[in-house]
Amino acid sequence: MKKLLFVAACIGFMPLLAAAPSFGEAAKDYTDATTGIRFARVTGGCFKMGDTFGDGASNEKPPHDVCVSDFSMAKQETTQNQWKVVMGNNPSFFKSCGDDCPAENVSWNDVQEFISKLNKLSGKEYRLPTEAEWEYACRSGGKSEKFCGGNDAEAVAWYFSTSGDRTQRVARKRPNGLGIYDMSGNVWEWVSDWYDEKFSSIKDNPQGPSTGSNRVIRGGGWFMLPKSVRASVRSSLAPEVHTYDVGFRLVITAP
């Protein structure tokens, strides 16, 4: 009788165990209650980072194996309205573009202040993505994609010949395979890493150099040629610089 009860108890628990999803299987988007920023779940994995198509600059080489852990990334570049909600001002050059356009003309240091204030308001731990996380998400979870979401720049990016010489409202081009918009073009995006011409030799969750003079920006902007909005393109700016073609998006490790 005891044996039968034990078997029955085990059978009763099996559906509960089977129903527990992993992080990457979460079906619903996460939305920040303070700003309305929507996040896509990104299941971690390994991928080939850098110039995998053979047409990149020297600082995109060599392509190398990198692995990242699970995280969630904002589906859209942080908008002017979201910046105003947290900071109470709007430093963007293209204010006339509207609330749903990217917040730009913000330095890396400004973004750190935005994150600090948002974290206090929300009780969360938002941050900028690492360069490796950014490229992994851009490539729809590490796929072989020339641009962030495929091999057709016009379908996924605002750049020189499509942007009308200005930023554009977010989420109007086709999203990538993770449901994330505008990682190629529109505005360059700050990431957390200090810049180095050479990639980090660390394979698992690389954080970039421990010190430096410039911070990495990724993705290209509204006035760039298609070759400069590729998934592997890297550039950098001093963290105090403000310019009308650089914005950002947030990530969070565990919402």
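1. A salt bridge, as the term is used in this note, is a side-chain nitrogen of Lys or Arg within 4 Å of a carboxyl oxygen of Asp or Glu. Side chains of opposite charge can pair when their charged atoms come close. In this structure, a search of the whole model finds 14 salt bridges.

2. Please keep in mind that the model is predicted, so that local features need pLDDT of at least 70 and side-chain atom pairs count only at pLDDT 80 or more, while totals for chains, interfaces and linings use all residues. Residues are numbered from 1 along each chain as its sequence is written, and side-chain values use heavy atoms, with hydrogens and water left out.

3. One of the salt bridges joins Lys48 to Asp65, with the closest N and O atoms 3.0 Å apart. Lys48 lies in strand E3 (residues 45-49) and Asp65 in strand E4 (residues 64-68), so the pair ties together parts that are 17 residues apart in sequence; helices (H or I, at least four residues) and strands (E, at least two) are DSSP runs, numbered from the N terminus. Lys48 is partly exposed, with a relative accessible area of 39%, and Asp65 is partly exposed at 42%, where buried means under 20% relative accessible area, exposed over 50%, and partly exposed in between (1.4 Å probe, protein chains only).

4. Another salt bridge is formed by Arg234 and Glu131, whose closest N and O atoms are 2.6 Å apart. Because Arg234 lies in strand E9 and Glu131 in helix H4 (residues 131-138), this pair ties together parts that are 103 residues apart in sequence. Arg234 counts as buried at 7% relative accessibility, and Glu131 is buried with a relative accessible area of 5%.

5. Salt bridges that share partners join Glu131, Glu135, Arg139, Arg218 and Arg234 into one network.

6. Where does Arg230 sit in the chain? Arg230 is found in the loop between strand E8 (215-218) and strand E9 (234-237), and at 6% relative accessibility this residue counts as buried. The side chain of Arg230 makes a polar contact with the side chain of Glu60 at 2.9 Å, and a polar atom of the Arg230 side chain lies 2.6 Å from the backbone oxygen of Lys227. A polar contact is a pair of N or O atoms within 3.5 Å; within protein, one must be able to donate a hydrogen and the other to accept it, and residues adjacent in sequence count only if both atoms are side-chain atoms.
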